[in-house]
Amino acid sequence: MNLLYQSTRSKAAPITASQAILKGLAEDGGLYVPESIPSLTTSLKELSSLTYQQTAYEVMKLYFTDFTEAELKNCINNAYDGKFDNEEIAPLKEADGLYYLELFHGSTIAFKDMALSILPHLLTTAARKNNVTDEIVILTATSGDTGKAALAGFAEVEGTKIIVFYPKDGVSPIQEKQMVTQKGDNTYVIGIDGNFDDAQNGVKAMFNNRKLAEDLKAKGYVFSSANSINIGRLVPQIAYYVYAYGKMLRTGVISDGEKINVAVPTGNFGNILAAYYAKQMGIPIDKLICASNENKVLFDFLETGIYNRKRDFILTSSPSMDILISSNLERLLYLTSGKDSDKTLSLMNSLSEEGEYEITKEMKENMSGVLGGYASESQTAETIKEVYEKTGYVIDTHTAVGVSVYNRYRQINQDNNKTVIASTASPYKFTRSVMEAIDPKYGSLEDFELVDELSRISKVAVPAAIEEIRSAKVLHERVCKKDEMQKVVEEILK
Ligand SMILES: *Cc1c(COP(=O)(O)O)cnc(C)c1O
(Lines give C-alpha, C1' and ligand atoms only; values in the text may rest on other atoms or scores of the structure.)
Protein backbone atom coordinates (compact mmCIF):
# COMPACT_ATOMS: atom_id res chain seq x y z
CA MET A 1 0.00 0.00 0.00
CA ASN A 2 1.18 3.47 -0.85
CA LEU A 3 1.71 5.82 2.11
CA LEU A 4 0.86 9.39 1.11
CA TYR A 5 1.91 12.70 2.62
CA GLN A 6 -0.19 15.70 3.49
CA SER A 7 0.47 19.20 4.71
CA THR A 8 0.12 20.06 8.40
CA ARG A 9 -1.76 23.22 7.36
CA SER A 10 -4.47 22.10 4.92
CA LYS A 11 -6.36 19.14 3.55
CA ALA A 12 -4.98 19.68 0.04
CA ALA A 13 -4.59 16.49 -1.98
CA PRO A 14 -1.88 14.25 -0.47
CA ILE A 15 1.22 13.44 -2.51
CA THR A 16 3.72 10.60 -2.72
CA ALA A 17 6.88 10.36 -0.62
CA SER A 18 9.15 11.18 -3.56
CA GLN A 19 7.08 14.27 -4.40
CA ALA A 20 7.18 15.40 -0.77
CA ILE A 21 10.98 15.01 -0.71
CA LEU A 22 11.28 17.07 -3.90
CA LYS A 23 8.98 19.83 -2.66
CA GLY A 24 10.38 20.11 0.87
CA LEU A 25 7.74 22.55 2.06
CA ALA A 26 4.06 22.45 1.10
CA GLU A 27 2.71 25.39 -0.92
CA ASP A 28 0.52 26.45 2.03
CA GLY A 29 3.68 26.75 4.15
CA GLY A 30 2.96 23.54 6.08
CA LEU A 31 5.26 20.57 6.60
CA TYR A 32 4.61 17.22 4.98
CA VAL A 33 3.57 14.39 7.31
CA PRO A 34 2.63 10.79 6.52
CA GLU A 35 -1.15 10.18 6.56
CA SER A 36 -0.47 7.67 9.32
CA ILE A 37 2.65 6.56 11.16
CA PRO A 38 3.39 2.98 10.11
CA SER A 39 4.07 0.24 12.67
CA LEU A 40 7.27 -1.76 12.46
CA THR A 41 6.76 -5.01 10.57
CA THR A 42 9.82 -6.63 12.10
CA SER A 43 9.86 -7.93 15.70
CA LEU A 44 12.19 -6.29 18.20
CA LYS A 45 14.15 -9.51 18.42
CA GLU A 46 14.59 -9.66 14.65
CA LEU A 47 15.61 -6.00 14.59
CA SER A 48 18.31 -6.69 17.16
CA SER A 49 20.25 -8.82 14.68
CA LEU A 50 20.31 -6.24 11.88
CA THR A 51 23.16 -3.98 10.77
CA TYR A 52 22.63 -0.23 10.66
CA GLN A 53 21.98 -0.32 6.91
CA GLN A 54 19.46 -3.16 7.27
CA THR A 55 17.70 -1.32 10.09
CA ALA A 56 17.54 1.85 7.98
CA TYR A 57 15.91 -0.16 5.19
CA GLU A 58 13.31 -1.70 7.53
CA VAL A 59 12.32 1.80 8.65
CA MET A 60 12.48 3.68 5.36
CA LYS A 61 10.61 1.09 3.31
CA LEU A 62 7.55 1.76 5.48
CA TYR A 63 7.63 5.51 4.72
CA PHE A 64 9.05 5.84 1.22
CA THR A 65 6.64 3.36 -0.32
CA ASP A 66 6.93 4.64 -3.88
CA PHE A 67 10.66 3.83 -3.95
CA THR A 68 11.58 0.34 -5.11
CA GLU A 69 13.61 -1.93 -2.86
CA ALA A 70 16.62 -1.51 -5.17
CA GLU A 71 16.31 2.28 -5.16
CA LEU A 72 16.11 2.52 -1.38
CA LYS A 73 18.94 0.08 -0.77
CA ASN A 74 21.05 1.97 -3.27
CA CYS A 75 20.42 5.25 -1.41
CA ILE A 76 21.23 3.61 1.93
CA ASN A 77 24.42 1.93 0.73
CA ASN A 78 25.68 5.13 -0.86
CA ALA A 79 25.01 7.09 2.32
CA TYR A 80 26.15 4.85 5.15
CA ASP A 81 29.51 3.67 3.87
CA GLY A 82 33.19 4.42 4.42
CA LYS A 83 32.41 8.12 4.88
CA PHE A 84 31.62 7.08 8.44
CA ASP A 85 34.67 6.36 10.57
CA ASN A 86 32.87 3.64 12.54
CA GLU A 87 31.53 0.45 10.99
CA GLU A 88 28.44 0.55 13.15
CA ILE A 89 27.60 4.03 11.79
CA ALA A 90 25.91 4.96 15.08
CA PRO A 91 27.71 3.12 17.91
CA LEU A 92 26.36 3.07 21.45
CA LYS A 93 28.83 3.79 24.28
CA GLU A 94 28.11 3.23 27.94
CA ALA A 95 29.54 5.71 30.46
CA ASP A 96 28.44 6.09 34.07
CA GLY A 97 25.17 4.23 33.49
CA LEU A 98 24.05 6.21 30.45
CA TYR A 99 24.05 4.96 26.86
CA TYR A 100 25.49 7.51 24.44
CA LEU A 101 24.24 7.06 20.90
CA GLU A 102 27.16 8.57 18.99
CA LEU A 103 25.66 10.25 15.94
CA PHE A 104 28.86 12.04 14.98
CA HIS A 105 30.87 9.50 13.02
CA GLY A 106 30.02 10.95 9.60
CA SER A 107 32.16 13.22 7.48
CA THR A 108 31.43 16.47 9.33
CA ILE A 109 31.35 14.94 12.86
CA ALA A 110 27.89 16.22 13.82
CA PHE A 111 24.55 14.39 13.75
CA LYS A 112 23.38 16.33 10.67
CA ASP A 113 25.41 13.79 8.66
CA MET A 114 22.95 11.02 9.60
CA ALA A 115 20.30 12.60 7.35
CA LEU A 116 22.33 14.79 5.00
CA SER A 117 24.44 11.91 3.76
CA ILE A 118 21.33 10.18 2.41
CA LEU A 119 19.16 13.17 1.40
CA PRO A 120 21.08 13.86 -1.86
CA HIS A 121 20.49 10.25 -2.96
CA LEU A 122 16.81 10.34 -1.99
CA LEU A 123 16.42 13.64 -3.81
CA THR A 124 18.09 12.58 -7.06
CA THR A 125 16.17 9.29 -7.03
CA ALA A 126 12.93 11.19 -6.41
CA ALA A 127 13.76 13.52 -9.32
CA ARG A 128 14.28 10.57 -11.64
CA LYS A 129 11.01 8.93 -10.52
CA ASN A 130 9.09 12.12 -11.22
CA ASN A 131 10.80 12.82 -14.55
CA VAL A 132 12.45 15.97 -13.27
CA THR A 133 15.35 16.48 -15.68
CA ASP A 134 16.46 19.90 -14.46
CA GLU A 135 19.63 20.15 -12.45
CA ILE A 136 18.77 20.54 -8.75
CA VAL A 137 20.33 23.57 -7.09
CA ILE A 138 20.43 23.35 -3.30
CA LEU A 139 20.44 26.78 -1.68
CA THR A 140 21.40 26.85 2.00
CA ALA A 141 21.99 29.49 4.62
CA THR A 142 23.98 28.18 7.55
CA SER A 143 25.23 29.19 10.95
CA GLY A 144 27.86 26.45 10.72
CA ASP A 145 26.83 22.79 10.99
CA THR A 146 24.11 22.35 8.37
CA GLY A 147 26.14 24.04 5.64
CA LYS A 148 29.12 21.74 5.95
CA ALA A 149 27.02 18.60 6.27
CA ALA A 150 24.99 19.57 3.19
CA LEU A 151 28.18 20.37 1.25
CA ALA A 152 29.69 17.03 2.15
CA GLY A 153 26.46 15.24 1.25
CA PHE A 154 25.94 16.88 -2.13
CA ALA A 155 29.59 17.18 -3.26
CA GLU A 156 30.06 15.34 -6.59
CA VAL A 157 26.44 14.11 -6.58
CA GLU A 158 25.48 14.09 -10.23
CA GLY A 159 22.62 16.35 -11.27
CA THR A 160 23.04 18.71 -8.32
CA LYS A 161 24.81 21.91 -7.37
CA ILE A 162 25.03 23.21 -3.83
CA ILE A 163 25.42 26.87 -2.88
CA VAL A 164 26.00 27.74 0.78
CA PHE A 165 25.90 31.22 2.30
CA TYR A 166 27.36 31.78 5.75
CA PRO A 167 27.89 34.89 7.88
CA LYS A 168 31.54 35.79 7.25
CA ASP A 169 32.20 36.78 10.85
CA GLY A 170 29.53 34.65 12.51
CA VAL A 171 30.87 31.08 12.53
CA SER A 172 33.66 29.44 14.52
CA PRO A 173 37.13 29.25 12.92
CA ILE A 174 36.87 25.44 12.65
CA GLN A 175 33.40 25.66 11.08
CA GLU A 176 34.60 28.24 8.52
CA LYS A 177 37.69 26.24 7.67
CA GLN A 178 35.57 23.11 7.20
CA MET A 179 33.40 24.92 4.65
CA VAL A 180 35.96 26.92 2.65
CA THR A 181 38.13 23.84 2.11
CA GLN A 182 35.21 21.81 0.68
CA LYS A 183 36.15 19.91 -2.48
CA GLY A 184 33.83 19.16 -5.41
CA ASP A 185 33.16 20.95 -8.71
CA ASN A 186 29.49 21.39 -7.84
CA THR A 187 30.08 23.13 -4.48
CA TYR A 188 29.99 26.89 -3.87
CA VAL A 189 30.62 28.58 -0.53
CA ILE A 190 30.09 32.30 -0.06
CA GLY A 191 30.68 34.43 3.02
CA ILE A 192 28.33 37.38 3.40
CA ASP A 193 28.91 40.60 5.27
CA GLY A 194 25.91 40.08 7.52
CA ASN A 195 24.61 37.75 10.21
CA PHE A 196 22.82 34.43 9.94
CA ASP A 197 19.40 36.09 9.69
CA ASP A 198 20.59 38.12 6.68
CA ALA A 199 21.82 34.92 5.01
CA GLN A 200 18.55 33.14 5.78
CA ASN A 201 16.43 36.07 4.55
CA GLY A 202 18.43 36.29 1.32
CA VAL A 203 17.91 32.60 0.63
CA LYS A 204 14.19 32.77 1.45
CA ALA A 205 13.81 35.75 -0.90
CA MET A 206 15.33 33.71 -3.73
CA PHE A 207 12.99 30.78 -3.01
CA ASN A 208 10.00 33.10 -3.21
CA ASN A 209 11.16 34.91 -6.36
CA ARG A 210 8.95 33.60 -9.21
CA LYS A 211 10.83 35.52 -11.90
CA LEU A 212 14.15 34.03 -10.79
CA ALA A 213 12.63 30.54 -10.77
CA GLU A 214 11.38 31.02 -14.36
CA ASP A 215 14.73 32.34 -15.57
CA LEU A 216 16.50 29.38 -14.00
CA LYS A 217 13.97 26.89 -15.30
CA ALA A 218 14.71 28.15 -18.82
CA LYS A 219 18.38 27.34 -18.16
CA GLY A 220 17.52 23.87 -16.83
CA TYR A 221 17.78 24.51 -13.10
CA VAL A 222 15.36 24.04 -10.22
CA PHE A 223 15.88 25.12 -6.59
CA SER A 224 15.51 22.73 -3.67
CA SER A 225 16.21 22.81 0.04
CA ALA A 226 18.27 20.67 2.40
CA ASN A 227 16.51 22.27 5.34
CA SER A 228 15.50 20.09 8.27
CA ILE A 229 11.79 20.44 7.51
CA ASN A 230 12.21 18.06 4.54
CA ILE A 231 10.59 14.68 5.31
CA GLY A 232 13.65 13.19 3.58
CA ARG A 233 15.67 14.36 6.57
CA LEU A 234 13.26 13.28 9.30
CA VAL A 235 12.65 9.66 8.30
CA PRO A 236 16.32 8.56 8.09
CA GLN A 237 16.73 9.85 11.65
CA ILE A 238 14.14 7.40 12.99
CA ALA A 239 16.46 4.55 12.04
CA TYR A 240 19.11 5.23 14.68
CA TYR A 241 16.64 5.05 17.56
CA VAL A 242 15.42 1.71 16.26
CA TYR A 243 19.03 0.60 15.87
CA ALA A 244 19.91 1.71 19.41
CA TYR A 245 17.07 -0.33 20.89
CA GLY A 246 18.14 -3.38 18.88
CA LYS A 247 21.72 -2.95 20.03
CA MET A 248 20.70 -2.76 23.70
CA LEU A 249 18.62 -5.89 23.26
CA ARG A 250 21.38 -7.75 21.45
CA THR A 251 23.97 -6.95 24.10
CA GLY A 252 21.67 -7.88 26.99
CA VAL A 253 21.41 -4.37 28.42
CA ILE A 254 17.61 -4.67 28.25
CA SER A 255 15.13 -7.50 27.86
CA ASP A 256 12.68 -7.79 24.95
CA GLY A 257 10.01 -5.10 25.34
CA GLU A 258 11.71 -3.32 28.25
CA LYS A 259 11.06 0.41 28.16
CA ILE A 260 13.89 2.88 27.74
CA ASN A 261 14.09 6.67 28.01
CA VAL A 262 15.62 8.87 25.35
CA ALA A 263 17.13 12.32 26.02
CA VAL A 264 17.81 14.64 23.09
CA PRO A 265 19.62 18.00 23.03
CA THR A 266 17.16 19.99 20.96
CA GLY A 267 17.07 22.99 18.63
CA ASN A 268 14.76 22.73 15.64
CA PHE A 269 12.96 19.70 17.18
CA GLY A 270 13.88 17.37 14.30
CA ASN A 271 16.01 14.86 16.17
CA ILE A 272 13.59 14.38 19.08
CA LEU A 273 10.65 14.19 16.68
CA ALA A 274 12.36 11.23 15.02
CA ALA A 275 12.46 9.52 18.45
CA TYR A 276 8.76 10.31 18.89
CA TYR A 277 8.03 8.66 15.55
CA ALA A 278 10.12 5.63 16.58
CA LYS A 279 7.95 5.33 19.69
CA GLN A 280 4.73 5.53 17.66
CA MET A 281 6.12 2.80 15.39
CA GLY A 282 6.44 0.40 18.33
CA ILE A 283 9.85 0.96 19.91
CA PRO A 284 9.28 0.73 23.70
CA ILE A 285 10.23 4.27 24.62
CA ASP A 286 8.84 5.59 27.90
CA LYS A 287 9.98 9.16 28.50
CA LEU A 288 11.31 11.51 25.83
CA ILE A 289 13.40 14.24 27.39
CA CYS A 290 13.69 17.43 25.37
CA ALA A 291 16.81 19.28 26.54
CA SER A 292 17.36 22.97 25.75
CA ASN A 293 20.20 25.36 26.45
CA GLU A 294 19.52 28.86 27.81
CA ASN A 295 17.30 29.52 24.77
CA LYS A 296 14.66 27.55 26.68
CA VAL A 297 11.60 28.34 24.59
CA LEU A 298 10.74 24.62 24.34
CA PHE A 299 11.12 24.04 28.09
CA ASP A 300 8.71 26.90 28.81
CA PHE A 301 6.32 25.57 26.17
CA LEU A 302 6.27 22.04 27.55
CA GLU A 303 5.73 23.41 31.08
CA THR A 304 3.00 25.92 30.30
CA GLY A 305 1.50 25.08 26.90
CA ILE A 306 2.46 28.57 25.72
CA TYR A 307 5.04 28.98 22.98
CA ASN A 308 6.55 32.47 23.12
CA ARG A 309 9.41 33.46 20.84
CA LYS A 310 9.42 37.09 22.01
CA ARG A 311 12.63 36.93 24.02
CA ASP A 312 16.32 37.65 23.64
CA PHE A 313 18.37 35.34 21.47
CA ILE A 314 21.23 34.07 23.67
CA LEU A 315 24.57 33.03 22.18
CA THR A 316 25.71 29.88 24.01
CA SER A 317 28.49 27.30 23.85
CA SER A 318 26.01 24.95 22.10
CA PRO A 319 25.36 27.20 19.06
CA SER A 320 23.55 24.56 16.99
CA MET A 321 20.75 24.74 19.56
CA ASP A 322 20.56 28.54 19.62
CA ILE A 323 17.14 28.86 18.05
CA LEU A 324 13.83 30.45 19.01
CA ILE A 325 11.58 29.00 16.31
CA SER A 326 11.63 25.20 16.38
CA SER A 327 10.12 24.42 12.97
CA ASN A 328 9.58 20.71 13.43
CA LEU A 329 7.42 21.23 16.51
CA GLU A 330 4.65 21.93 14.00
CA ARG A 331 4.52 18.21 13.20
CA LEU A 332 3.97 17.39 16.89
CA LEU A 333 1.25 20.04 17.13
CA TYR A 334 -0.48 18.45 14.17
CA LEU A 335 -0.31 14.97 15.68
CA THR A 336 -1.38 15.97 19.19
CA SER A 337 -4.30 18.02 17.86
CA GLY A 338 -5.68 14.84 16.30
CA LYS A 339 -4.33 15.78 12.84
CA ASP A 340 -6.29 19.01 12.86
CA SER A 341 -4.80 21.11 10.04
CA ASP A 342 -7.08 24.10 10.78
CA LYS A 343 -5.89 24.17 14.37
CA THR A 344 -2.23 23.83 13.34
CA LEU A 345 -2.62 26.63 10.79
CA SER A 346 -4.17 28.97 13.34
CA LEU A 347 -1.37 28.26 15.87
CA MET A 348 1.28 28.92 13.23
CA ASN A 349 -0.44 32.13 12.12
CA SER A 350 -0.53 33.26 15.71
CA LEU A 351 3.21 32.53 16.02
CA SER A 352 4.10 34.62 12.97
CA GLU A 353 1.66 37.44 13.75
CA GLU A 354 1.75 37.67 17.56
CA GLY A 355 5.02 35.85 18.26
CA GLU A 356 3.24 33.32 20.47
CA TYR A 357 0.45 30.75 20.73
CA GLU A 358 -1.18 28.57 23.37
CA ILE A 359 -2.21 24.97 22.81
CA THR A 360 -5.38 23.37 24.23
CA LYS A 361 -5.43 21.35 27.45
CA GLU A 362 -6.09 18.23 25.41
CA MET A 363 -3.06 18.80 23.19
CA LYS A 364 -0.93 19.35 26.25
CA GLU A 365 -2.15 16.07 27.75
CA ASN A 366 -1.34 14.31 24.49
CA MET A 367 2.23 15.58 24.84
CA SER A 368 2.68 14.21 28.35
CA GLY A 369 5.31 11.69 27.24
CA VAL A 370 7.61 14.53 26.21
CA LEU A 371 9.30 16.27 29.16
CA GLY A 372 11.30 19.48 28.92
CA GLY A 373 14.38 20.65 30.76
CA TYR A 374 17.20 23.09 30.23
CA ALA A 375 20.80 23.58 31.24
CA SER A 376 22.58 26.85 31.97
CA GLU A 377 26.03 27.54 30.55
CA SER A 378 27.68 26.71 33.88
CA GLN A 379 25.68 23.48 34.30
CA THR A 380 26.72 22.44 30.80
CA ALA A 381 30.41 23.07 31.52
CA GLU A 382 30.20 21.29 34.90
CA THR A 383 28.65 18.26 33.24
CA ILE A 384 31.50 17.97 30.71
CA LYS A 385 34.03 18.13 33.55
CA GLU A 386 32.12 15.70 35.76
CA VAL A 387 31.64 13.05 33.07
CA TYR A 388 35.30 13.33 32.09
CA GLU A 389 36.62 13.10 35.65
CA LYS A 390 34.36 10.18 36.52
CA THR A 391 34.76 8.11 33.34
CA GLY A 392 37.44 9.57 31.05
CA TYR A 393 34.77 10.02 28.36
CA VAL A 394 34.71 13.48 26.76
CA ILE A 395 31.36 14.79 25.49
CA ASP A 396 30.62 17.92 23.47
CA THR A 397 28.65 20.95 24.69
CA HIS A 398 25.36 19.93 23.01
CA THR A 399 25.45 16.40 24.37
CA ALA A 400 26.32 17.85 27.78
CA VAL A 401 23.09 19.85 27.77
CA GLY A 402 21.22 16.56 27.32
CA VAL A 403 23.13 14.82 30.12
CA SER A 404 22.77 17.72 32.54
CA VAL A 405 19.01 17.85 32.02
CA TYR A 406 18.68 14.08 32.23
CA ASN A 407 20.66 13.72 35.44
CA ARG A 408 18.40 16.24 37.18
CA TYR A 409 15.29 14.49 35.85
CA ARG A 410 16.54 11.14 37.13
CA GLN A 411 17.37 12.48 40.58
CA ILE A 412 13.97 14.05 41.05
CA ASN A 413 11.91 11.23 39.57
CA GLN A 414 13.84 8.16 40.75
CA ASP A 415 13.42 6.76 37.25
CA ASN A 416 15.51 3.63 36.67
CA ASN A 417 14.83 3.08 32.98
CA LYS A 418 17.95 2.53 30.90
CA THR A 419 18.52 5.73 29.01
CA VAL A 420 19.85 6.67 25.59
CA ILE A 421 21.46 10.09 25.21
CA ALA A 422 21.51 11.37 21.64
CA SER A 423 25.14 12.43 21.33
CA THR A 424 24.92 15.01 18.57
CA ALA A 425 28.46 16.22 17.99
CA SER A 426 32.04 15.17 18.45
CA PRO A 427 33.86 17.12 21.16
CA TYR A 428 36.42 17.92 18.44
CA LYS A 429 33.92 20.23 16.80
CA PHE A 430 33.69 22.44 19.88
CA THR A 431 37.18 21.86 21.24
CA ARG A 432 37.68 25.21 22.94
CA SER A 433 34.47 25.17 24.99
CA VAL A 434 34.98 21.52 25.88
CA MET A 435 38.61 21.87 26.97
CA GLU A 436 38.02 25.04 28.97
CA ALA A 437 35.16 23.27 30.77
CA ILE A 438 37.56 20.49 31.76
CA ASP A 439 40.27 22.91 32.90
CA PRO A 440 40.42 26.71 32.51
CA LYS A 441 44.21 26.45 32.03
CA TYR A 442 43.56 25.36 28.42
CA GLY A 443 42.37 28.89 27.62
CA SER A 444 45.90 29.88 26.63
CA LEU A 445 46.35 27.22 23.89
CA GLU A 446 45.84 27.68 20.12
CA ASP A 447 42.98 25.85 18.34
CA PHE A 448 45.03 22.95 16.99
CA GLU A 449 47.06 22.64 20.21
CA LEU A 450 43.72 22.10 21.93
CA VAL A 451 42.85 19.42 19.38
CA ASP A 452 46.03 17.50 20.18
CA GLU A 453 45.51 17.92 23.91
CA LEU A 454 41.94 16.63 23.61
CA SER A 455 43.25 13.57 21.81
CA ARG A 456 45.80 12.99 24.57
CA ILE A 457 43.37 13.24 27.48
CA SER A 458 40.43 11.42 25.83
CA LYS A 459 42.57 8.71 24.17
CA VAL A 460 40.43 9.18 21.03
CA ALA A 461 42.28 9.71 17.76
CA VAL A 462 41.75 13.07 16.04
CA PRO A 463 38.94 12.48 13.49
CA ALA A 464 39.78 12.74 9.78
CA ALA A 465 37.38 15.69 9.49
CA ILE A 466 39.69 17.71 11.76
CA GLU A 467 42.99 16.26 10.52
CA GLU A 468 42.02 17.25 6.96
CA ILE A 469 41.48 20.92 7.69
CA ARG A 470 44.74 21.31 9.56
CA SER A 471 46.58 21.65 6.25
CA ALA A 472 43.77 21.80 3.67
CA LYS A 473 43.86 24.42 0.93
CA VAL A 474 41.23 27.15 0.97
CA LEU A 475 39.15 26.59 -2.18
CA HIS A 476 36.37 29.12 -1.64
CA GLU A 477 37.19 32.77 -1.12
CA ARG A 478 34.09 34.43 -2.48
CA VAL A 479 32.57 37.10 -0.26
CA CYS A 480 29.56 39.26 -1.07
CA LYS A 481 27.36 41.95 0.39
CA LYS A 482 24.09 40.74 1.86
CA ASP A 483 22.06 42.37 -0.93
CA GLU A 484 24.18 40.74 -3.66
CA MET A 485 23.31 37.12 -2.93
CA GLN A 486 21.00 36.73 -5.91
CA LYS A 487 23.57 38.29 -8.24
CA VAL A 488 26.13 35.72 -7.05
CA VAL A 489 23.71 32.84 -7.63
CA GLU A 490 22.92 34.10 -11.14
CA GLU A 491 26.64 34.34 -11.89
CA ILE A 492 27.25 30.79 -10.72
CA LEU A 493 24.36 29.45 -12.81
CA LYS A 494 24.85 31.60 -15.94
C1 LIG B 1 21.36 20.63 14.76
C2 LIG B 1 21.97 20.20 16.05
C3 LIG B 1 21.19 19.99 17.21
C4 LIG B 1 19.71 20.24 17.25
O5 LIG B 1 18.98 19.27 16.52
P6 LIG B 1 17.47 19.55 16.08
O7 LIG B 1 17.09 18.42 15.24
O8 LIG B 1 17.51 20.85 15.33
O9 LIG B 1 16.67 19.66 17.34
C10 LIG B 1 21.82 19.54 18.36
N11 LIG B 1 23.16 19.34 18.39
C12 LIG B 1 23.94 19.54 17.30
C13 LIG B 1 25.40 19.31 17.41
C14 LIG B 1 23.38 19.97 16.09
O15 LIG B 1 24.17 20.16 15.01
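How many nonpolar, polar and charged residues does the shell around the ligand have, by class? In this predicted model, the shell has 8 polar residues, 5 nonpolar residues and 2 charged residues.

In total, 15 residues surround the ligand. The closest of them are Lys112, Gly267, Asn268, Asn271 and Thr424. Several individual contacts can then be located in the structure. Asp145 places a polar side-chain atom 3.0 Å from an oxygen atom of the ligand. Phe269 takes part through its backbone, where a polar atom is 3.0 Å from an oxygen atom of the ligand. For Gly270, a backbone N or O atom lies 3.2 Å from an oxygen atom of the ligand. As for the surface of the ligand, 380 Å² is exposed when the ligand is taken alone, and the protein buries 96% of that area.

Attention may now turn to the second largest pocket, which has a volume of about 470 Å³. The lining of this pocket consists of 23 residues, and those closest to its centre are Ser107, Lys148, Ala464, Ala465 and Glu468. Two or more lining residues come from each of the helices α7 (145-154) and α21 (464-471). Of these elements, α21 provides the largest share of the lining, with 4 residues.

What is the make-up of the lining of the second largest pocket by class? The lining has 10 nonpolar residues, together with 7 polar and 6 charged residues.

Note on methods: Residues are numbered from 1 along each chain as its sequence is written. This is a predicted model: local features need pLDDT of at least 70, side-chain atom pairs count only at pLDDT 80 or more; totals for chains, interfaces and linings use all residues. Side-chain values use heavy atoms; hydrogens and water are left out. On a 1 Å grid over the protein atoms alone, a cavity is a set of points where a 1.4 Å probe fits but cannot get out, and a pocket is an open set with protein on both sides within 12 Å along at least five of seven lines; lining residues have an atom within 4 Å of a point. Grid points are joined across faces, edges and corners, and a volume is the space filled by probe spheres set on the points. Ala, Val, Leu, Ile, Met, Phe, Trp, Tyr, Cys and Pro count as nonpolar, Asp, Glu, Lys and Arg as charged, and the others, Gly among them, as polar. A residue is near a molecule or strand if one of its heavy atoms lies within 4 Å of it. A polar contact is a pair of N or O atoms within 3.5 Å; within protein, one must be able to donate a hydrogen and the other to accept it, and residues adjacent in sequence count only if both atoms are side-chain atoms. Accessible areas come from the Shrake-Rupley method with a 1.4 Å probe; for residues, only the protein chains shown count as cover.
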